[in-house]
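Please walk me through reading the confidence, domains and chain contacts of a model.

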Amino acid sequence: MSHLLDIQDLEVKFALRTGDITAIDGVSFVLDRGEKLGLVGESGAGKSVTGFSIINLISKPGYISKGKICFEGNEISSYSDEQMRKIRGNRISMIFQDPMMTLNPVFTIGFQMIETLQAHQKISKSDAREIALEKLKKVHIPSPEQRLSQYPHELSGGMRQRIIIAISLLTDPAIIIADEPTTALDVTIQAEIMDLLQELCESDNMALILITHDLGVVSQVTEKIAVMYAGKIIEYGSTDQVVKHPVHPYTEGLIKSIPGTVIKPGEDLVQIPGMMPTLTNIPPGCAFNPRCYLKGAICTTQTPELKDVGNGVSAACHMK
Amino acid sequence: MNKDNTILSIKNVVKHFDISGGFLDQLRLKKGKICLEKTTVKAVNDVSLFIKKGETLSVVGESGCGKSTLARVVLGLYPPNSGEIHYGGKRIDNLNHEQMLPFRKKMQMIFQDPYASLNPRKTVQQTLEEPLRFHHPELSGNEINDKIDQVMEQVGVDQAWIKRYPHEFSGGQRQRISIARGLILDPEFIVADEPVSALDVSIQAQILNLLMKAGRERDLTYLFITHDLSVVRHISTRVAVMYLGTICELAKAEDLFAYPRHPYTKALLSAIPVVGAKRAKQIKLKGEVPTPVNLPTGCVFHGRCVYANQRCINQIPALLTLDNGTQVACHAVEENRVIS
């Protein structure tokens, strides 16, 4: 049986006056029904662009230059805008980072929810309202009827993010792409939102792509993880395995640099020297080689491919 | 210096902000009568704490709990409405601008967003020499340059970058430059307001290591403001947990994380995602943080607390010192009603 989402060798470029730069370079992964995948990396690693490209939200000058994205067996990367609109926000929904910016401040919550439903289905206003209410209840919003007539500014950040999740659920999507859904929120609210996403995935057999820089969040929510660096997936496998026994030196460094994982309080954290290269200036060979403690001669000349390193994990490193 | 080594003490500090606006905004209709009503944000309410020389005191809490306001009040950036701030035994909250100058040299601040805290029109050189020229007009050009070189080396900024502007640097490098600016006057006391929150994980580790190294080498005292509890655990000597403008628990870092006492601290700690471990059951809080405009009566946490009773609604709990030195403001802890 085919996978729910199958991304093969995706390459996204941005055409600049100075020439094309490659933001995503040969990314492949699959996602099945009900599966939760974490896309992890630092800013500029290409994790958000990967998320956007799935529902073709890449705007000019960016474009998908190579590769295939298949959803439920159909190649959606070749869809026209018209066809894509039937998928985007309908079968695949997206939740963005900042709940303050995602909702339109001049319309009520109810208006925005009903509008979304009517954009995708032939449905009467009162039926749409019923569905909206049901979804608000599903994300545990107190007094949902009252919320429908409220404006976004009347709600707190955590409440708005719940509303956004409710909107993304309206059309019963098969996949939710959540791009840093809790970065703008406090830890106690973050924990609640993550619990909610997890609960929804399990009850509705929905797949989740969680894009985040927070390894802690990923390790508690997802089953699979893809670590990205400079536009490539450098380690991919079961979350448990990758987090406990990282193979790639970057993943290892990333985990050890988080306070409280390996290093005792007060001692120096393990730090990865330097910083991620900008996309215009990716070093030849392995993009991580200038920062790597395992670097060998081959690393500066040949780009490593993802290869199986056992335990269901694959990593792109010559030295492993 | 005091004999007990206290470098800074804050006594019953209150800071309220008037947000009522102009005359027309203040008009209210009450029981058929028009009256004027002021609206104030009660950001910090009766906070007392002290910081010992060489220690790192972290203040944690969620957004809006008043932690940044507290930091700014300490440095005299906001005048407190009431209460006292003593630095090295001398009261500083009532000093005028000129009397404050010698203290400004000793107390420096590092801000959260290195994109906003550096002047985009100044080169690194200009940014770093300005405090020196202002506070030490007696220094010659060469002496100033030596000092700048020395500080830049310490924070790991390449000296070839001295003529560059902030936009040429990444976030981590900018934060290094802000730290260099904070260190250049050889301060004793540094207030760091979320210094690593805007940075990526691998860069965050570099900056935390740098701050700890500078602390050791220069015998600095830090007041560290952050919402990131794993950072707090790593760098702090003592931790104060704030909720809605009041301190609810103040303890040694290892005690706080091993035996949190206050119901809010417990909920906060249970919410931290830990890498590689399935989360222990999160302690869920009812409702949301109330607004600091209308503070709840009694204990500010009572509306969300599972242990709250009539006393919590009526009476504000005082900080109570327990056997191990932990201070906690909770009636339920005092009456032994909290099940751990």
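Q: How should the confidence scores of chain B be read, and what is its average pLDDT?
A: Where pLDDT is low, the predicted coordinates should not be read in detail. This is a predicted model, in which local features need pLDDT of at least 70, side-chain atom pairs count only at pLDDT 80 or more, and totals for chains, interfaces and linings use all residues. Residues are numbered from 1 along each chain as its sequence is written, while chains are lettered from A and ligands numbered from 1 in the order in which they are written. pLDDT is the predictor's confidence in each residue, from 0 to 100. Chain B averages 89, and 98% of its residues score at least 70. The model has an ipTM of 0.81 and a pTM of 0.86.

Q: Into which domains is chain B divided?
A: Domain bounds come from an automatic or database domain assignment. In chain B, domain 1 covers 6-21 + 39-236 and domain 2 covers 261-340. Their centres, taken over C-alpha atoms, are 30 Å apart. Domain 1 of chain B gives 8 residues to the contact and domain 2 of chain B gives 7.

Q: How many residues of chain A are in contact with chain B?
A: Two residues are in contact if their C-beta atoms, placed from the backbone, lie within 7 Å. By that rule, 33 residues of chain A touch 33 residues of chain B.
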